[in-house]
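Here is a short report on one protein model and its ligands.

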Amino acid sequence: MRLPILALLLSSFCLPAAFAATPPNIIVIMADDLGFGDVSCYGAKALQTPNIDQLAAEGLRFTSGYCSASTCTPTRFSFLTGTYAFRQKGTGVAPPNGPALIQPGATTIASLMKQAGYATAVIGKWHLGLGNPKPDWNGELKPGPLEIGFDLCHLLPTTNDRVPQVYVSDHRVLNLDPKDPLWVGDKAPSKDYPTGITERSTLRMDWTHGHNGTIHNGIARIGFYTGGTAARFRDEDLADEWVNRSKTWIEAHKDGPFFLFFASHDIHVPRMPHERFQGKTTLGFRGDAIVEFDWCVGELMKTLDRFKLAENTLIVLCSDNGPVLDDGYKDGAVEKLGSHQPAGPFSGGKYSVLEGGTRTPFITRWKGRVQPGVSEEVVCTIDLASSLAALTGVALPENACRDSFNVLPALMGDSGAKGRDHLLLQDNNGTSFGLRMGDWKLVRSKAKGKPQATVSVKTHKDAAGLHALYFLPNDPGEENDVSAQKPEKTQELIAKLDALIAADRSR
Ligand code: NG6
Ligand code: CA
């Protein structure tokens, strides 16, 4: 069903002719902690990802596709709002009782799609806070996705290594028995409460750092909770849950247009894929979780085929940050790595502003519209808000999506289409930054406190200066700092980075 506003927009002469006839359904598939080198169409040899490979073969595979931050919460914040996360305080990794980080009524990619007449849903990991000033686990979990443009949400509230292990469906914890209320806190509720420290020998997956609070399903978590017993899920069932819920929702909206944000929890810790995927790779549960993620992608593709929607649906596949091996549990990822390179040719990974932290798999497919191939254009998850607004004919409010660029022609693979000429990348709290400009990459690491304008050029080996410059075509691994040999180029990028930080927008 299309709302009148869409019909109006579609008949409007100001829409690009190519897009006017059939506004496509849109599915954004975001993996969690999936690295550039983790899938076979990006060079992985230790495992196969046939579904993602098929998606790439039928679509456009980007070699400079990025997420905007090297952790989850800021990337998701930027993806939804189209604004760099460092511009809003408190957008680092959200804790279990964290409040909603995006204010009700804010313009988001979902509210834009809704304005275009789309049905909108987010299914999977949220990790952007719920409620204000904190989640009311036993009452209405509000504000949340439904207050910022989603018609439906079915969520894991934070990450699965954080408490609690329950689904949030729209405004409620699903299957919560009021006689067994759910309590969530950051301290053990009593002295004799069993934790990952006191019961360590009983755990089926030991922890390496943090992750020693409440034990659920034999795995200790960050934080503590009691109650909500009937609402708790099994880690092994998450992927099936996301896929089944998505299939049902797609079927209900097959007449379109729809916008689905499929926010996979794979391959975040605790990596506990379904039993049928366990042992499928030589890489341990980390590799098995990649295969499970690939299966999810395949199921979504099959669902589109079943309803003959593949030619009327744009799929964007991306990740929320780069790879990490030991992220708090002994799951064999380190020991079983072999010659697998999770970040491909890049240095760094999750938490880092080196390329491995944010340059990830990035694929677009819209059969019959996206030109299949490989693109070297720079595109980022933060650009999807503006680009999809352009695709669906919605005008962006002046003050919204302040760092989101319309790179739609590049996402479509149109001949001669350009991506971004520059892109700012941040770590979790916006302490360190990367700036990609053409073939150059500036790294500003560990500047203390609020990002400041910088006066002088120094290499990152200098404890005070913290800048390094890399020429990516020769040095994708960012090993050879050329800032001393290229002072003018370094200064130019520092000035650009300072200006981007100081301004409140870049669009
Ligand atoms: C870190 C956690 C890590 C992971 C990360 C968030 C510890 C020691 N480390 O604080 O395990 O949960 O936060 O990951 O607790 S993200 O992909 O959601 O950003
Ligand atoms: Ca992540």
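Pro-178 counts as exposed, because its relative accessibility is 70% and the cut-off for exposed is over 50%. The model is a predicted one. Pro-178 sits in the loop that runs between strand 6 (172-173) and strand 7 (183-185).

Ala-94 gives another pair. The C-alpha atoms of Ala-94 and Thr-158 are separated by 7.1 Å, and the two residues are 64 residues apart along the chain. Ala-94 belongs to the loop between helix 4 and helix 5. Its relative accessible area is 5%, so Ala-94 is buried.

Thr-108 is found in the loop between helix 4 (72-81) and helix 5 (109-115). Is Thr-108 buried or exposed? Thr-108 is buried, with a relative accessible area of 0%. A polar atom of its side chain lies 2.6 Å from the backbone oxygen of Ile-148. That pair counts as a polar contact because the limit is 3.5 Å.

**Ligand 1**

Which residues come nearest to ligand 1? There are 18 residues around the ligand, and Cys-72, Asp-161, Arg-162, Asp-327 and Lys-350 are the nearest of them. By class, the shell holds four nonpolar residues, seven polar ones and seven charged ones.

The table gives the distances.

| Side chain | Distance to an oxygen atom of ligand 1 |
|---|---|
| Lys-125 | 3.1 Å |
| His-127 | 3.3 Å |
| His-211 | 3.0 Å |

How much of ligand 1 does the protein cover? On its own, ligand 1 has 450 Å² of accessible area, and the protein covers 83% of that area.

His-127 counts as buried, because its relative accessibility is 1%.

**The calcium ion**

Which residues coordinate the calcium ion (ligand 2)? The donors listed are Asp-32 (OD), Asp-33 (OD), Asp-320 (OD), Asp-320 (OD) and Asn-321 (OD1), at 2.2 to 2.7 Å. Along the chain, the donors follow the spacing D-D-x286-D-N. The ion has six donor atoms, and the angles among them run from 51 to 173 degrees. The site is irregular.

Asp-32 is buried, since its relative accessible area is 0%. Asp-33 counts as buried too, at 1% relative accessibility.

**Helix 9 and what follows**

Why is helix 9 (residues 384-392) largely enclosed by the rest of the structure? Eight of its nine residues are buried, so the helix is largely enclosed. Those buried residues are Leu-384, Ala-385, Ser-386, Ser-387, Leu-388, Ala-389, Leu-391 and Thr-392.

The chain then passes Gly-393. Just after helix 9, Gly-393 takes a positive phi of about 75 degrees. Further on, Cys-401 has a phi near 50 degrees, a positive value in a residue other than glycine. Cys-401 is part of the loop between helix 9 and helix 10 (408-412). Its relative accessible area is 1%, so Cys-401 is buried.

**Cis peptide bonds**

Where does Pro-164 lie? Pro-164 is in the loop between strand 4 (152-156) and strand 5 (168-169). The peptide bond leading from Val-163 to Pro-164 is cis, and its omega is near -5 degrees.

Another cis peptide bond joins Val-269 and Pro-270. Its omega is about -10 degrees. Pro-270 falls in the loop between strand 11 (258-263) and helix 7 (285-306).

Key. Residues numbered from 1 in each chain as written. Chains lettered and ligands numbered in written order. Predicted model: local features only at pLDDT ≥ 70, side-chain atom pairs only at ≥ 80, totals over all residues. Heavy atoms only, no water. Near = heavy atom within 4 Å. Polar contact = N/O pair within 3.5 Å; in protein donor to acceptor, adjacent residues only side chain to side chain. Areas by Shrake-Rupley, 256 points an atom, 1.4 Å probe, with all protein chains shown as cover. Nonpolar A, V, L, I, M, F, W, Y, C, P; charged D, E, K, R; others polar. Donors = N, O, S within 2.8 Å, 3.2 Å for Na, K, Ca; no water. Tetrahedral: all angles 85-135°; square planar, octahedral: opposite > 155°, others 65-115°. Buried < 20%, exposed > 50% of the residue type's maximum accessible area, 1.4 Å probe, protein only. Helix = DSSP H or I, 4+ residues; strand = E, 2+ residues; numbered from the N terminus.
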